[in-house]
Amino acid sequence: MNTAVMNTAVMNTAPDTGGNVMLLVLLLLPVLGALLMYPLRTNVPLAKAVAMATALLEFVLVVVTWVGYSTDAASSGERFQYVFSVPWIPAFGTHLAFGIDGIALVMIALTAFLVPGLMLFAWAEKLPEGRTASGYFALLLATQATLMGVFTATDVFLFYVFFEAMLIPMYFLIGRFGGPNRQYASVKFFLYSLLGGLIMLASLIGLYVTSADQLGAGTFTWSDLQSIAQSTPTSTQIWLFLGFFVAFAIKAPLVPFHTWLPDAGAEAPIVAAVLLVGVLDKVGTFGFLRYCLPLFPQASQVLAPLVLVLAVIGIIYGALLAVGQKDMSRFVAYTSIAHFGFIALGTFAFSSQAFAGATLYMVNHGLSTGMLFVMVGLLVARGGSRLMSDYGGVSKLAPLLAGCLLLAGMSSLALPGTNSFVSEFLVLVGSFPREPVATIIATVGIIFAALYILWFYQQTMQGPVRGNAVIRALEAGGVGGPGAMIDPAVAAERGSGFPDLTKREIGVLAPLIVVIVVLGFFPGPVLDVINPSVQSTITEVGLPDPVPAGGVVGGVR
Amino acid sequence: MNALAQVAPLTAPPIDYAAIAPLLVVLGGACVSVLFEAFLPRHQRWPAQVALSVLVVAVAGIALGVYAGSAPVAGIVTLASALTVDGPTLFLWGTLLVLGFGSLLLIADRSVEPGGAFIASAVERASVAAAPGTTTGPTGVDPEHVDRSYGAPGEAPTMQTEVFPFVLFALGGMMAFVAANDLLTMFVALEVLSLPLYLVCGLARRRRLLSQEAAVKYFLLGAFASAFFLYGLALLYGYAGSVKLVAIATAAVGTPKSDALLFGGLALLVVGLLFKGSVGPFHTWTPDVYQGAPTPITAFMAACTKVAAFGALLRVLHVAFGSTHWEWRGVMWVVAIASMAIGAVLGLTQTDLKRMIAYSSVAHAGFLLLGVMAITREGVSSTLFYLLAYGFTTLGVFGVISLVRTADGEATHLSQWAGLAKRSPILAGVMTFLLLGLAGIPLTSGFTAKFAVFSAALGDGMAPLVVIALVFSAVAAFFYLRVIVLMYFSETPEDGPTVTVPGAFTTVAVTLGVVVTLLLGVAPTLVLGWAGAGGLTG
């Protein structure tokens, strides 16, 4: 039989000859590391070392990528760099196409930065019975690989493939290594995300059929689809937009679609929770910026009020629920829902400042929430309980730990001088000209943020030493309650009942602290990378920028 | 006298032997297989039958490959226009042959249980362990049902090999079914494929009652479905004056005749076909038969019967009723939605793995209907691809199911699969991958196939149906996920089943299922090209 019947799409912007393999290496390296975990499963120390080496090498390669990324080229209109493309399934017009803009670059940098620290955190974690550390690290690396794929794909089909594949390692991380209610949480997480993904698939196929109508042959190449975006009828765009929007709103999550996050965030092991809330959920907001706005510009404008309402509700509702939480992990998950509201607000306010703020917020939220989750993990490792009321007066026992928690909290409530302040300020300033009402309501969320963070700090750290977990840990002289996650051997070395940070834990936290403070004062390097891509996105949406160029964005530098 | 002399001599219609060689090889092989069964001594039958079956399928495959290399793209009609050999026919024949090969491997396997799945009598096995006639046997078999003894006493139970000719005949019938160019040939082929299947369903002697109940159910309902088909055929003949598919299409165009016969006939005909394809609401036999039949036979039915039924449905709807699709499509929408809903929702409530996969096949039949209803070239090629992808995945699933056993036989109750990942990580990994394939997760063939079918349906203006199908995909994903949850996240029960180390045959079959599921998910280009080569010829 002949294969000549297949329609090969001849497009203007899809070079099929390969290209820069850097991103492919970034994708395949963690896959290789994860596969190596299988033969090493009996030799746990070696497996851990190999996993850590992989993650560090990945980080170095991402730094090299960052250095090689040209902001000048991006400013002069080169949409993607490190472009790689080969045909994949010609019958569907799909390509294995990779490429990054500034927004994707900062996201892969965030991922590569977090993973080695998380591995160090997981180094001495006590795993559920029958689970091995090599499996744990393999799943972490697999998650990292899918994240690299999802941020670097420039073919919408390929993006979808990674978007769904991302669920599987995370599902096993939660389901195999999570807390007592892990089965329920993992299945809920998987089904919610799968449902969103399948609705997106309907839109994806619709987009493909639309492109076949307009271009003669169906394609999934992002730039080709973007080129027909303005000529697609608004009514069609709205349907297609909604499909993508539901998937991203579940992933992000925006408020009516958020109920899976507190369960998944609370039951996931800490490292998975950091990756889940810190990076994986950002795929939703990243998707708004990369897919919803440029591919469906008219629909985005028509439906922006709806999204803004959801965003503002999320800010207030997430904050209020965070105040009422007893479980520390759920608490952090709810604060994230409030923060995702800010990101969505910035994304659908259509100004370059708000876009830049939202992108920077994605990075900063990953750092500050990541650190907050790590702090919760350190507390739970000592006390064996996730309940806030089981802790009290910890600052007297472990002053370093308390100080780090305070810093993480301050970063989370966007205190000036920490990283989050810059992004939150940019979002609010950028959103005000177009959406004054929503912005003013959102500002209230800042006050709530101060309330819930300070309350949390006061309850657990300040006052006399109290709380079941703390007392029990002190009495036992070693490890705390029944759910304590630390390795008993490690605990025995420490001596004290409720020890302060160990060297390893300081090693986990130090890079986070440095980045949080440095980005608070010098966000310039990151903004320089983001801004050209943000400008391109504004152009693709086709709305005039309400804030003149060189406004506050330049000033904050 | 003169009149008789003037009658033209009866000339045999021209036959393109090269084109129909695969079909002839399989049917001829089936006849030889019957002779083997009749004349070979008992101990020689198993090796002879296995060798013959494999040889037949291989020769048929080679004949198919040779012909396909030089086949005209437009396809040909041969045997007095009874059979059409066009692109889809060749693809379906290839699909049936490879899936049939995989199923034959599962059927021939004797390593998983002594004597294989098809022994003469379960009591024989019990009496090997205990003294004959003293106990009722550990399997709880009624002592009154002691079957006639085969072979020397104390000898290990031997396999009954009559299953091989049955399967070969069924396979030949399926190949004729998907190539039939007129309804009468189609009906004959339907019977040729059905009758052996009714019989082999009842061959699970270790669970005789369940198996025989399944066979009787399948037979009774199948006979009804055949009657429906035949009645529809009669009505259509009344309408068009011909049983040829093309003639029906021609008669339906621009005619002042009433449509009652046409659509009445179509409805009855399609009911017969939907029954074979286990499309809801005509699926009621599926769970019982899947559960009761010996697992290798279930694999054969799930993979091959579905291919045959949908291949024929594709031909009927596209060739004979393509021009009138606006009239019947509304009804088929309802059928497709019903099938997806029944499969996805009832699948959630099942506690037996084989029944669950049966409901999953009902849901998949609903998805397949989307491709069948798209009267475009993409509709045909995507349906063909889906059939191949689904067939291999489901073959692998049943291969895996046959390996998890307790002392009483296969452990198909869901609770028995709890914590299996701990004891047998490779088996659990394989099963997980195959289930994700059935759920349609990217990088498996299930996703590529769903994508192809749904984009064909959307391209032919069925956007709402595609959205509904995707929602039901999410619902169906839940019960696949439940098995994965059980295997990985649950604690192992005390008296859990053991995982048998499979022999070469089952290993090859399962590996084939896994490899094809992966390859069609990652690099489907070649197969998509084959599926898209050449349209249906009327």
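Strands are DSSP runs of E with at least two residues, helices are runs of H or I with at least four residues, and both are numbered from the N terminus. Two strands are taken to pair if DSSP finds at least two bridges between them. Contact here requires that the C-beta atoms of two residues, placed from the backbone, lie within 7 Å.

Two bridges join β1(A) to strand β2 (residues 81-87) of chain A in the antiparallel sense. A:G18 stands opposite A:S85 in β2(A), and A:G19 stands opposite A:F84 in β2(A). On β3(A), the bridge partner of A:S85 is A:A97. The pairing of β2(A) with β3(A) is antiparallel and runs over five bridges.

In chain B, the axes of helix α15 (residues 377-401) and helix α17 (residues 425-439) come within 9 Å and cross at roughly 145°. Axes are lines fitted to C-alpha atoms, for helices over the stretch in contact, and angles run from 0 to 180 degrees between N-to-C directions. The crossing of α15(B) past α17(B) is left-handed, a term used if the near helix is turned anticlockwise from the far one by less than a right angle, with right-handed used if clockwise. From α15(B), the residues B:T393, B:G396, B:V397 and B:V400 meet B:L427, B:V430, B:M431, B:L434, B:G437 and B:L438 of α17(B). This contact comprises seven nonpolar, three polar and no charged residues. Ala, Val, Leu, Ile, Met, Phe, Trp, Tyr, Cys and Pro count as nonpolar, Asp, Glu, Lys and Arg as charged, and the others, Gly among them, as polar.

The contact between the chains takes 31 residues from chain A and 30 residues from chain B. On the side of chain B that touches chain A, two or more residues each come from α18 (445-459), α19 (463-489) and α21 (525-532) of chain B. The largest share of that side, 12 residues, is supplied by α19(B). By class, the side of chain B that touches chain A has 23 nonpolar residues, six polar and one charged. For the complex, the predictor gives an ipTM of 0.85 and a pTM of 0.89.

Confidence per residue is expressed as pLDDT, on a scale from 0 to 100. Chain A has a mean pLDDT of 88, with 92% of its residues at 70 or more. Residues 1-14 of chain A stay under 50, and the model has 30 contacts for them beyond four places in sequence. The pLDDT is also below 50 over residues 550-557 of chain A, a stretch with 12 contacts beyond near neighbours in sequence. For chain B the mean pLDDT is 88, and 92% of the residues reach 70 or more. Confidence in chain B is lowest in helix α5 (residues 122-129), at a mean of 46, and highest in helix α6 (residues 163-179), at 96. Where pLDDT is low, the predicted coordinates should not be read in detail.

Residues are numbered from 1 along each chain as its sequence is written, and chains are lettered from A and ligands numbered from 1 in the order in which they are written. The model is predicted, and local features need pLDDT of at least 70, side-chain atom pairs count only at pLDDT 80 or more, and totals for chains, interfaces and linings use all residues.

Note on methods: pLDDT is the predictor's confidence in each residue, from 0 to 100.
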